[in-house]
Amino acid sequence: MAEQISTHPGEIGPNTTMSGRPVETCYTPDDIVELDYETRLADPGEFPFTRGVHKEMYRKRLWTMRQFAGFGSARQTNERFKFLLERGQTGLSTAFDLPTLMGRDSDDQLSMGEVGRCGVAVDTLADFEMLFDGINLGDVSVSKTINAPAAILLAFYIATADKQGVPRNQLRGTCQNDILKEFHAQNEFVFPPAESVRLVVDTIEFCTKEMPQYNPVSISGYHIREAGSTAGQELAFTLGDGLHYAQASIERGLDIDAFAPRLSFFFNSHNDFFEEIAKFRAARRLWAHYMKERFGAQNERSMWLRFHAQTAGCSLYSKQPYVNLMRVAYQAMAAVMGGCQSLHTNSMDETICLPTEQAVTLALRTQQVLAYETGVTNTVDPLAGSYFVESLTNQLEAEAREYIDQIDEMGGMIAAIENGYVRREIADAAYRYSQAVERGDKKLVGVTDFVHEDEKPIDLLKIGNDTESQVVEDLQKVKARRDGAAVKTALTRITDDARADRNVMPALIEGAKAYATVGEMMAALEESLGRFDTGQIS
Amino acid sequence: MQEIPTRILLAKIGLDGHDRGVKVLARGLRDAGMEVIYTGLWQTPASAAKAAVEEDVDVLGASFHSAAHMTLVPVLMDELKKLGRPDIPVAIGGIIPPDEVTPMKDAGVALVFETECSMEQIVTEINALATQVHKRRKTAIENGDLDRWVEALKEGDRASVGRVLSWIEDGATVDDLARRLPPVDSKTIVVGMTGAPGVGKSTLIGRLLKELRRRGKTVGVVAVDPVSPITGGALLGDRARMTMNAGDEGVFLRSAASRGELGGLAPTTGAMVEVLRRSNVDVLLIETVGAGQNDVTVRQWASPVVLLLMPGAGDSLQLEKAGITEVADVFVINKADLPGAGKLEAQITETLGSARPVVQTVASHGQGIEELAEVILRHGGKSDT
C-alpha cells in the first residue's frame with residue numbers, strides 16, 4: 001500500500017506533491033484494495049457524495065462563473081456592477097477595502113493609504129444605498145467578502161433591501177463571515193475567537209429564521225492555503241472550522257437540518273493537479289460523514305458540501321505574467337474536475353494590482369473554454385476509479401481526520417487557535433515549501449527557471465489617490481446630517497444586546513438605518529466583546 | 001557570516017494582514033545568521049520607526065501587499081527623521097509593481113525586493129547594507145559621537161538610548177562602561193521576569209506593560225531570546241507579542257539575542273540594564289530566556305525577581321531543586337484557569353514557606369495583572385529604601 005499518512009507532512013522533494021506527499025511512479029489496483037464503491041464512493045448525488053452532490057452535475061447546470069470585484073468609492077463599484085450585469089452576469093461578488101474589512105472608518109488613522117485600494121470603501125448605509133443604486137436586491141444574488149464586521153455589513157444589506165421594499169425572504173447570496181480562518185491565516189480579526197464565533201452564530205440564527213435563501217457563512221480554506229498550508233491542512237482546518245460553527249449553532253438551540261443546508265465552503269485550487277482534485281473529493285466525503293455521524297443530520301442537504309473555488313493567487317508571479325494564464329487554466333480545470341459549484345479565476349495581473357478589464361476578460365474566457373470546449377463537463381467526476389486519484393483521496397481524508405482528532409483532543413478549535421497550534425502548522429509548511437523552492441526541488445517557470453531578462457511590462461490598473469479624500473468627505477457629510485440621538489440609542493442597544501447575549505442583528509439593523517458607521521458599531525460591540533491582541537498568537 | 005550579526009527589524013505597516021512572506025523571510029534571515037526582530041501586524045509608520053530606533057537595527061524591512069506603500073513609505077521616512085534617525089536604511093518587499101520601484105527609491109528606500117527575489121539575494125544585499133552601517137557606527141564612535149549619546153541618556157532620548165545599547169552589544173567592556181556612563185541617580189525598579197518557555201512570559205509582560213502605563217509609570221523592557229548555536233541567528237519575537245503598547249511614548253523596548261551565553265541572559269544584559277537605568281524609566285522589566293535553573297544571574301540587577309510557573313508543567317520537581325526558586329521574590333502562577341493552579345500554590349507555600357507572594361494570573365485574559373503590578377511596585381519601592 002502506498003498509503004503513508006502523517007499529520008506533519010514530510011520534506012518536499014522532486015517526487016512529492018507540492019504539499020510534500022510522496023508520489024509513487026505507478027499506481028495499481030493494490031493501492032485501492034479497500035475501496036468499496038457503495039460505501040466510499042457511491043454514485044454522484046448519493047451519500048457520502050465523494051463523486052459530487054448532484055446526480056448530473058454540469059450536464060444539468062454549469063458552475064457559476066463569479067468574478068470578485070470592487071474598488072474605490074461605492075459609486076465607482078456601482079458602475080462596475082452595472083457593467084457586469086449588462087454583460088449577463090447574474091451574481092455579484094463584492095470586495096471591500098482593508099479599512100472596511102477591519103471594521104474601521106475611512107477617516108481612522110490606521111486607514112491611511114488603504115481607502116478604496118483593494119476593494120470598495122464602506123462607512124455607512126449611505127454607501128450601500130449607492131453601491132446597489134438601480135440594482136434590485138430581489139433580482140441578484142450578492143456575495144460579500146467580509147468577516148470581522150460581517151454582521152454589520154449584513155445589517156447594511158438587509159437595511160438596503162428593506163428600503164428597496166424587497167422582502168427579506170427573497171434575498172439570495174453569501175456572506176463570507178468565516179472568522180476562524182482569520183485567526184489561522186488572513187489576520188482580519190477584531191474580537192476574541194469565542195466572542196467572534198458568537199457573532200457568526202447570531203447571523204446563522206437570524207438568517208435561518210428570516211432569510212432562508214441566504215448563505216450566512218462561507219467556510220473558507222482559500223486563505224489558509226494562501227498563507228502557505230499544505231492541501232491536507234487546508235482541508236482539515238476548514239472542515240474543523242465548519243464543525244465548530246455547526247456545534248456552536250446547535251448549542252444555540254438550532255436544529256442541524258434547519259441551518260446546515262445553508263452552510264457553504266470556499267477552497268483554493270492550487271498547482272498540484274491531482275492532489276487538488278483529491279482534496280475536493282475527500283472534503284465532500286468527510287463532511288457528509290461528520291454531519292451524519294457527529295450531528296445526526298437527517299436531511300441530505302445538510303450533508304452536502306457545496307463549494308466555491310478560486311485559483312491560487314499565491315501561485316502567480318509578476319515575472320513573465322502571461323505564464324499566469326496557463327497556471328490559472330490548469331488550476332481551474334482541477335476545480336471543475338473536483339466538482340465545484342462556483343469558480344473565480346484569477347487574472348494574470350492580480351499578483352501586481354487589481355485586474356485590468358482585458359485581464360479580467362481573459363480570466364472569464366478561461367472558464368468559458370473549460371465549460372464549452374474541453375468536454376470535461378460531459379460526465380460527472382471523470383477521475384473516479386483512478387488508482388492514483390482514489391489513493392490520494394483516501395490519504396487526504398485520513399490526514400484531515402487525524403488533524404481534526406488532534407484539535408478535538410486539544411479541546412476544540414478555539415483552544416487550537418489560542419495555543420497557536422494552527423498558525424504554527426501553517427507557518428512551518430510555508431517555510432518548508434519556500435526552502436524546497438530555494439533548493440531547486442520545486443521549480444517555478446519564469447522565476448527560478450526559464451528566466452529571460454528582456455521582458456516587456458504589461459499594462460497595470462492604478463487607483464488614484466483622490467478616492468480617499470472624497471470618501472472621507474462623503475462620510476463627514478453623512479455624519480453631519482444624521483440624527484445623532486438615534487445613532488446614540490442604537491449604539492447603546494448594540495452594546496447592551498451583545499452583553500446580554502441577545503442576538504445583535506436587530507440592533508445592528510437599527511444602527512444601520514440610523515446611519516451609524518461601521519467603526520462606531522464595531523466600537524459598540526467591542527465594549528462588550530473585547531478586542532483580541534494579535535500578540536497572543538504571533 | 002558577518003563579524004557582528006546583522007540586526008534587522010521586519011515590520012507590517014498598515015491594516016494589511018498578509019504575513020506569509022514576512023514570516024518566511026524572518027525564518028530565512030534567522031537561518032542565515034541574522035538577528036531578526038518582528039513587530040507583528042498593524043503597525044503605524046510612527047510605531048515602526050520608533051521600534052527601529054529603539055532596537056537601533058541595521059536595516060528596517062517593511063512588507064506591503066495592499067498598495068499602501070506609496071502613501072505609507074514617505075510617512076515612515078518622516079517619522080525616522082523626527083526621531084533623529086533618518087540614517088536607518090529602509091528595505092521594502094511584498095507586492096511592489098515594477099513602475100513603482102523608482103518612486104520608492106526616490107523616496108529614500110535603500111532596497112526594493114520583488115516577489116520573486118530568492119532568499120539568497122535578499123540575504124546578500126541586506127548583509128552588504130548592514131556592513132556599511134556597522135562601519136558608519138564604528139566611525140561615529142571613534143569621532144566622539146558616543147559622548148553626545150551618553151549625555152542625552154538622562155533625557156531619555158530614544159535614539160541615543162538605542163545607540164548606546166548597540167555600542168554595548170558590539171562588545172564594550174566593563175571598563176569602557178564605568179568610564180563612560182554617568183552615575184545613576186534614578187529610582188528605577190528593575191524587575192526580572194523569568195520562567196520556562198511556554199509559560200506565557202511575553203503575553204504577561206504585554207499585559208503588565210499596559211497596567212503600569214495605566215498607572216502613569218514609564219517602562220523599559222529588555223527581552224532576551226536565544227540564538228541558534230548553529231547559525232548564530234535569532235528570531236526575536238517579543239515585540240510582536242507586546243503590540244498593545246508598541247507606539248506608546250512611555251515605553252522603550254529592546255530585544256536582545258543571548259549571543260552565545262548559555263544561561264537565560266545575554267552577556268551584555270547587565271550593561272544594558274545600567275544604560276536603561278540612566279534613561280530614567282520608572283520600571284525596567286528584564287525578560288529572560290527562561291532556562292529556569294541558570295537564571296540566578298538576574299538577581300544581580302533585579303529586585304524583585306518574578307518567577308513564572310504554570311499548572312501541570314512538572315513544577316513540583318522544579319520547586320525541589322535549588323536555584324531560581326531560592327532567588328525569586330514573587331511567584332506567578334500563569335494560566336491559572338488550567339486545572340492544578342491551587343495545588344501548585346499549595347506546593348509553593350509548602351516547599352518554600354509563605355513569606356513570598358504568590359499571584360495567580362490568566363495573562364491572555366488580563367486576570368490578576370493589577371494585583372501583580374501592585375506586588376511589584378510595592379516590592380520595588382521597599383527594596384529601594
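A residue counts as buried if 20 or more other C-beta atoms lie within 10 Å of its own. The model shown in these views is predicted.

**View 1. Burial of strand 7 of chain B.** Strand 7 spans residues 219–225 of chain B and is mostly covered. Seven of its seven residues are buried. Both faces of the strand are covered. One side carries B:V219, B:V221, B:A223 and B:D225.

**View 2. Pairing of strand 7 with strand 9 in chain B.** Strand 9 of chain B covers residues 251–257. Strands 7 and 9 of chain B pair in the parallel sense, over seven bridges. Within strand 9 of chain B, B:S255 is the bridge partner of B:A223.

**View 3. Pairing of strand 7 with strand 10 in chain B.** Strand 10 of chain B comprises residues 283–287. Strand 7 of chain B runs parallel to strand 10 of chain B, joined by five bridges. Here B:I286 of strand 10 of chain B stands opposite B:V222.

**View 4. Packing of helices 13 and 14 in chain A.** Helix 13 (residues 323–337) and helix 14 (residues 357–372) of chain A pack at an angle of about 45°. Their axes are 10 Å apart. The angle makes helix 13 of chain A oblique to helix 14 of chain A. Their crossing is right-handed.

**View 5. Contact residues of helices 13 and 14 in chain A.** Helix 13 of chain A contributes A:L325, A:V328, A:A329, A:A332, A:M333 and A:V336. Helix 14 of chain A contributes A:L362, A:A363, A:T366, A:Q367 and A:L370. Nine residues of this contact are nonpolar, two are polar and none is charged.

Conventions: Residues numbered from 1 in each chain as written. Chains lettered and ligands numbered in written order. Predicted model: local features only at pLDDT ≥ 70, side-chain atom pairs only at ≥ 80, totals over all residues. Axes fitted to C-alpha atoms, helices over the stretch in contact; angles between N-to-C directions. Helix = DSSP H or I, 4+ residues; strand = E, 2+ residues; numbered from the N terminus. Parallel < 35°, antiparallel > 145°, perpendicular 65-115°, else oblique. Left-handed = near helix turned anticlockwise from the far one by under 90°. Contact = placed C-beta atoms within 7 Å. Nonpolar A, V, L, I, M, F, W, Y, C, P; charged D, E, K, R; others polar. Buried ≥ 20, exposed ≤ 12 C-beta atoms within 10 Å, placed from the backbone. Pairing = 2+ DSSP bridges.
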